[in-house]
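Me: I'm new to this one. Can you put it up and walk me through it?

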Amino acid sequence: MTTYTARPIDPTVLKELRSADDAGRRMVPALDEEGGAPLRCCLRRSESGERIALVSYAPLRRWAAETGVDPGAYDEQGPVFVHAEECGGPAAGSGYPFADAHRVLRRYSAEGHILGGELVDTLDEDAFHRAFTDPSVVLVHVRAVEYGCFFFEVRGA
């Protein structure tokens, strides 16, 4: 059992992204022939033959809109893979998704400002505990090291 919950992109937001992404582009579905794309809608890797799309997503902007803050210059958007059609979301289970490589945990304050980050070898409870040790941290983004892509967020208690 995990104390910190990996949050996929919210289904309401996914519906919006499938219409027009955060860069204002129409979604272009494609058949994933190889599989293995990290899907942010259900927090698993795609399987060969699934219809997926690469859309632009601004996770901090979306969180800031929910909380009423302005992330200012920290607002950024980037590519994420999602199912082209609505899916069932993450399966119940233990552990953290996409934990198969080095990751960066980027910490944010309640004002939407970056408070630092940590390169982790293992995506586990200890990594999130360290991230939330600072009481100013309310949100953590898990990102890829090689491209900086957003994988999922974890919110403080």
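Me: Which residues does Leu105 touch, not counting residues up to four places away in sequence?
Reply: Leu105 touches Gly116, Gly117, Glu118, Val120, Leu123, Ala127, Phe128, Ala131, Val140, His141 and Val142. Contact means heavy atoms within 4.5 Å.

Me: What kind of model is it?
Reply: It is a predicted model, where local features need pLDDT of at least 70, side-chain atom pairs count only at pLDDT 80 or more, and totals for chains, interfaces and linings use all residues. Residues are numbered from 1 along each chain as its sequence is written, and side-chain values use heavy atoms, leaving out hydrogens and water.

Me: Back to the core. Which residues touch the most other members of the largest nonpolar core?
Reply: Leu105, Leu123, Phe128 and Phe152, out of 20 residues. A nonpolar core is a set of buried (under 20% relative accessible area, 1.4 Å probe, protein chains only) Ala, Val, Leu, Ile, Met, Phe, Trp, Tyr and Cys residues joined through side-chain atoms within 4.5 Å.

Me: Which elements give two or more residues to this core?
Reply: α3 (125–131), β8 (139–144) and β9 (150–155). Helices (H or I, at least four residues) and strands (E, at least two) are DSSP runs, numbered from the N terminus.

Me: New topic. Which residues of helix α1 are buried?
Reply: In α1 (residues 11–19), Val13, Leu14, Leu17 and Arg18 are buried. They cover an arc of only 140° around the axis (taken from the directions from the helix axis to the C-beta atoms), so they sit on the same side of α1.

Me: What covers them?
Reply: The cover includes β4 (50–57), α2 (59–67) and β5 (78–83).

Notes. Buried means under 20% relative accessible area, exposed over 50%, partly exposed in between (1.4 Å probe, protein chains only).
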